[in-house]
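Here are a few exercises to work through with the model open beside you. Try each task before you read its solution.

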Amino acid sequence: MKVLLSWLREFAPVEGPPEGIAEELSDLGLAVEDMVTFAEAPAGIVVARVAGLRPHPDADRIQLVDVDAGDGEPRQVCCGAFNMSVGDLVPLATVGTTMPGGLEIRRRKMRGRLSEGMLCSAAELDMGSDAEGIMILPADLEPGDDLTAALGVAGDVLFDLEVNPNRPDALSVVGVARDLAARRGVPFELPEVRVETSGAPAGESASVEILAPDLCGRFSVRLLRNAPGARTPPRLARRLLALGMRPINFVVDISNYVMLEIGQPSHAFDAALVPDGLLRVRRADDGEQVETLDGVRRTLSAGDGVIADASDVAIGIAGVMGGASTEISAETEVVLLEAAWWNPPDIARTSRRLGLRSEASARFEAGVDPEIAPWALERFAELAAAGGVTLAPELVQAHGDVPSRRPVRVRTGRVNALLGTALTAGEMRACLEPIGFEIVPARAEPTAASPRSYPGEVWDVTVPSWRPDSSTEIDVIEEVGRLWSYSRIARTVSKSPHPGGLTDRQRARRRVHEALAGFGLMEAMPLPFLAPGDLERCGLPPDGITVTNPLVAEESVMRTSLRPGLLKSVAYNAARRQPGVALFEIGHVHWPGDGELPDEGDHVAVALAGREAPAAAALWERLRRAIPFVPTDVRNEATAGLHPTRSAVLVAGGEMVGVLGEIDPAVAEAFGIGERVAWLECDLARLLESHVDSPGYRPPSRYPSSDVDLAFVLGDAVPAAAVGTALRRAAGDTLVSLHLFDVFRDAERLGPDRRSVAWRLRLQSADRTLTDAEVGEIRAACITAATTAGATLRE
């Protein structure tokens, strides 16, 4: 949207430097993308009329233009632009002129043809940003006139604004001026329209029907007489030209001027071409055709809107473009001028489907003021009166469905809560009332529709008809913030009432990951899908769930254990001369459930290539000390897929929660692994069921420690882990470490099915040196506890 500063000042006394005004407009949400100050054209640039156009015989991109500069001597100018026609008025830089960029115009030849001057674009004259073609001047100027004096725009400022789709009111000079006046606290006034009427009432020769009230909420018509021969007032033509609109003819120019000024598009029909003067609004028939003003015959669909005549023939596309059959011309004497309110979604759909977008359709899509049409028609008539056009008495109009204007309940406390301000009710009124919002105290407290209560006053705010975008409390709050100025609101970082964080289970899972990585293990991430037969090769039951639509057949079974993936990783490394790898994985496993969906668990597994079963047991002890799992016992027990005499199960609460030991040699061979592999796999979810955070830092003792070696004879039915647990409990807090360092079998000395197992206990107090008597007491307690667990002290 482009606006002139001089035009804004007709509605509000906006003073001050243009740069400050541009900053205020941007702060109001109307970002100034460009600002152009119209400078005086250099001396020597005059108005010239195009007398003839000829192609250059030796250049395809240059034409020869004959111009009349008012002195009766035709001049030939070589020009690379092709946007002009014979009879157009254009700026001519005569020979000897120095352009704003410093270029001196000289008489010279271009491809063998003499050029006496230069035809100028708006950009070359510093009168706009259009550099695509020659600047076409208003038709009321005289050839030979000085350009600056003729245009009368020197010193004016053009603001090119970015208007968001939710601000239809800002697509007009009036809307921009209203915002500026409200921000500055200066009066804003719409001029009083004064127009005289004469002749027979319009209702005697014109009528209106609305057959689609959901499409058209209001259709207003005024009748104008004595239109032929009228010329566009120079001031209007100059403003249209400055805003990038080429003057066309008297009626179209005034229609465009009013649209830019107040945001209401209008369309003129030649009354002589409208049978019985009837204009009918209806929906189009599917496949119906109409030729538009651009000469294109367009096919409509049943959802489009049209304006039809008394014969029900479509003569225009509602809200998009008029029809060629009723276009005004130089012979038009009587004009039917219409201004309407169209349902925005309907216009948007039609415009997009037809690929036809106009200045009018852009405003109708955003939503024009449904109450301004009569005033816009009178404003048109007032401007047209300068050309001798007279206005017939009586406004002819029909009504359809117009959006209702229900008051919006606004709470002062919520305004401040959302904006981060401490505005008073008076300050809020000062923001809203100057832009047309009506505010009265609410008659009742907020209902269940707004359950949260806020301190302060509650208001009923009536939104003005030109602001269809404001329909809820938050919309009104946005207007308060916009007019108060967001730059005046202190910048703060909002604090979330629900800060994010990890659950206890997530923190514990991460600690397991950190602990294993800290032990020097490398994390592996095998695919979660297995090939058929992988579970059997691991010695596990083949009860994996088969995927019905796998990407490849080799990945069609959901794993029930992490063992196949890690063993494949060990084999992969061994095949590439990387034996002895230590890998771990934390991941999900799946198995058939009782319902339609499978059950899912979170497992942790460790594979220690080149190691034996005791390495897995030692790793478990280190992990158990690092992470406070639920109390767990280790029981010697043969486990599928593990070595039958070098395997154990982890039991918690009477249920198995994991296995450890050594991979069965047959399984290792099936995977092509030629070394022993220690194995540990646990149900991590079960181990963390009663997880609590680890105790805080415990400083190491400064006092000396004492080592006690104990050897016990155990039957094969007595698990070494059970004796170890008994020793640990008996030693209590003084136990720093417990290490199983020897296993010995001798049938002659120990008896059949018996073995000798030796532990080393390191005892240390945190606050004193343990005496020999204290160490002896702890040793005796440990022997008693081991004996109770089924062990016999070896002498």
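**Exercise 1.** Is W7 buried or exposed?

*Solution.* A quick word on the ground rules: this is a predicted model, where local features need pLDDT of at least 70, side-chain atom pairs count only at pLDDT 80 or more, and totals for chains, interfaces and linings use all residues. Residues are numbered from 1 along each chain as its sequence is written, and side-chain values use heavy atoms, with hydrogens and water left out.

Step 1: get the cut-offs. Buried means under 20% relative accessible area, exposed means over 50%, and partly exposed is in between (1.4 Å probe, protein chains only).
Step 2: look up W7. Its relative accessibility is 0%, so W7 is buried.

**Exercise 2.** Which residue forms an aromatic pair with W7, and how are the two rings arranged?

*Solution.* Step 1: recall what a pair is. Rings of Phe, Tyr and Trp (its six-membered ring) pair if their centres lie within 6.5 Å; planes under 30 degrees apart are stacked, over 60 edge-to-face, and the rest tilted.
Step 1: find the pair. The structure has four aromatic pairs, and one of them joins W7 to Y257. With 4.5 Å centre to centre and 25° between the planes, W7 and Y257 are stacked.
Step 2: W7 sits in helix 1 (residues 5-8) and Y257 in helix 6 (residues 250-262), so the pair ties together parts 250 residues apart in sequence. Helices here are DSSP runs (H or I, at least four residues), strands are E runs of at least two, and both are numbered from the N terminus.
Step 3: check the partner. Y257 also has 0% relative accessibility, so this residue is buried too.

**Exercise 3.** Where do E394 and R577 lie, and what is the phi of each?

*Solution.* Most residues other than glycine have a negative phi.
Step 1: take E394. Its phi is near 85°, a positive value, and E394 lies in the loop between strand 21 (390-391) and strand 22 (396-399). With a relative accessible area of 42%, E394 is partly exposed.
Step 2: take R577. Here phi is near 60°, again positive, and the loop runs between helix 15 (563-575) and strand 29 (582-591). R577 is exposed, at 77%.

**Exercise 4.** Which residues do R113 and K568 touch, not counting residues up to four places away in sequence?

*Solution.* Step 1: a contact means heavy atoms within 4.5 Å.
Step 1: R113 is in strand 8 (residues 113-115) and touches H56, P57, L64, Q76, C78 and R108. R113 and H56 are 57 residues apart in sequence, yet 8.0 Å apart in space, C-alpha to C-alpha.
Step 2: K568 is in helix 15 and touches A531, D534, R537 and F671. K568 is partly exposed, with a relative accessible area of 33%. From K568 to G672 it's 104 residues in sequence and 9.0 Å in space, C-alpha to C-alpha.

**Exercise 5.** What does the protein chain look like as a whole?

*Solution.* Step 1: count the elements. The chain has 21 helices and 38 strands.
Step 1: get the spans. Along its principal axes, the C-alpha trace covers about 140 × 80 × 60 Å.
Step 2: check the burial. Of the 795 residues in the chain, 49% are buried.
Step 3: look at the contacts. Among those between residues at least 6 apart in sequence, 71% join residues at least 24 apart.
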